[in-house]
Amino acid sequence: MRSIWNGAISFGLVSIPIKLVNATESHSISFRQIHVADGGRVRYRKVCELDGEEVPTAEIGKGYEEADGSIIPITDEDLAQLPIATAKTIEIVSFVPADQIDPLQMDAAYYLAASGATAAKPYTLLREALKRSRKVAIAKYALRGRERLGMLRVVDDVIAMHGLLWPDEIRVPEGVAPEGAVSVREAELDLADALMATLGEVEMDSLRDDYREAVEAMVAAKAGGGEPAVAAGPVVEGAGGQVIDLMAALENSVRVAKASRAGAAAPEGDGAEVTPIRRKKAAGAAAPKAVGGKKSTASAGGGGAGAGAGAGAGGAKKSTAAAAAKKKAAAAAVKKTASAKAAEGKPARAAAKKAVTPRKRSSA
């Protein structure tokens with residue numbers, strides 16, 4: 001990595017030579033300005049206001065503009081000779097717990113690399129001291145023409161520095177919060193907690209810049225002479241002044257999140273539950289009771305179709321009951337005939353039995 005600044009860390013009387021390296025990089029896609037009519041490149045030229053001529057970068061310096069518009073030239077030598085200790089030094093001023101640093105103050109991030117073999121020992125000493133204390137170091141340094149505030153912390157085996165904004169550079173959030181008193185119910189908080197628990201955590205390495213990938217695909221398609229694919233994405237409309245059902249929105253959000261976590265398709269519509277239809281009773285069941293002089297025609301379906309289905313079912317039950325009654329009467333007649341025949345044959349069987357049975361002899 002190419003260093004952007006060389007200096008030293010001042011840790012009490014210990015001086016640690018270091019190099020400052022950018023810890024982050026931007027992957028955003030940049031566009032050039034063109035003339036729409038012919039596609040020609042549009043460039044900005046640096047022109048001197050006095051002679052009207054274009055000035056090369058090597059001849060451009062710094063200047064401070066006063067209130068009356070006059071310019072006072074400032075050279076790099078003037079800035080290097082300023083009587084401040086942080087001109088070439090990262091001066092540690094204190095050590096504080098990390099949670100005392102407001103994330104709003106966070107700015108650019110850098111890695112601090114030990115410069116040379118002699119810096120390895122004091123560099124390692126500061127790194128291990130930061131680890132054991134579980135604190136961060138607050139420091140002051142000068143970079144790009146101004147003194148800045150920084151926070152030193154350990155990342156793996158490297159000391160990293162985050163540029164910090166000065167406290168007076170953080171704006172007070174006036175007029176940002178909703179106006180008036182807004183009440184939130186416990187049930188709404190419970191659903192919000194459920195949604196947070198359902199969404200759970202995410203692996204930061206799995207997050208991607210979908211916008212950049214879509215732009216790259218579009219550029220590649222146009223470069224190849226084709227037309228970029230247009231995906232029909234969801235249309236999100238602003239709520240504006242409309243009143244939304246917060247509870248319903250939270251419930252649907254939890255349902256969709258659970259389906260997404262389970263790998264299932266998101267439910268459509270308002271997510272209403274489906275009530276199963278009851279099974280029909282077996283044939284031969286009792287007919288519906290009469291209500292108000294008319295037979296009930298309640299059915300599983302609604303409307304005219306349900307009424308027709310109920311009438312058909314009633315007719316089928318009636319015919320089944322008639323057939324069962326007829327069958328029962330026939331069975332009763334057969335039973336009666338058999339009983340009569342059995343009664344007629346009973347005296348004959350009794351007489352025969354009497355004739356065959358021998359009489360007992362009387363004793364002497």
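Biologist: Which residues does E188 touch, not counting residues up to four places away in sequence?

Modeller: In this predicted model, E188 touches L246, M247 and L250. E188 itself is found in helix α3, residues 186-199.

Biologist: Why is E188 called buried?

Modeller: The relative accessibility of E188 is 11%. Buried means under 20%, so E188 counts as buried.

Biologist: Where is A249, and is A249 buried, exposed or partly exposed?

Modeller: A249 is in helix α5, residues 246-262. Its relative accessibility is 34%. The cut-offs are under 20% for buried and over 50% for exposed, so A249 counts as partly exposed.

Biologist: How far is A249 from L191 in sequence and in space?

Modeller: A249 and L191 are 58 residues apart in sequence, and their C-alpha atoms are 9.8 Å apart.

Biologist: How many aromatic pairs does a search of the whole structure find?

Modeller: The search finds 1 aromatic pair. Its members are F11 and F95.

Biologist: What makes F11 and F95 a pair, and why is the pair called edge-to-face?

Modeller: A pair of aromatic rings is described by the distance of the centres and the angle of the planes. For F11 and F95 the centres are 6.0 Å apart, and the cut-off for a pair is within 6.5 Å. The planes of F11 and F95 make 70 degrees; over 60 counts as edge-to-face, so that is the name given to this pair.

Biologist: Which parts of the chain does the pair link?

Modeller: The pair links distant parts: F11 is in strand β1, residues 3-11, and F95 is in strand β5, residues 89-97. The two residues are 84 residues apart.

Biologist: Why is F11 called partly exposed, and why is F95?

Modeller: F11 has a relative accessible area of 23%, and F95 has 33%.

Biologist: In what order do the strands close into a barrel?

Modeller: The 7 strands run in the order β1-β2-β6-β9-β8-β7-β5, with mixed pairing. Neighbouring strands of this sheet are turned by 40 degrees against each other on average, direction ignored.

Technical notes
Residues are numbered from 1 along each chain as its sequence is written. This is a predicted model: local features need pLDDT of at least 70, side-chain atom pairs count only at pLDDT 80 or more; totals for chains, interfaces and linings use all residues. Side-chain values use heavy atoms; hydrogens and water are left out. Rings of Phe, Tyr and Trp (its six-membered ring) pair if their centres lie within 6.5 Å; planes under 30 degrees apart count as stacked, over 60 as edge-to-face and the rest as tilted. Helices (H or I, at least four residues) and strands (E, at least two) are DSSP runs, numbered from the N terminus. Buried means under 20% relative accessible area, exposed over 50%, partly exposed in between (1.4 Å probe, protein chains only). Two strands pair if DSSP finds at least two bridges between them. Axes are lines fitted to C-alpha atoms, for helices over the stretch in contact, and angles run from 0 to 180 degrees between N-to-C directions. Contact means heavy atoms within 4.5 Å.
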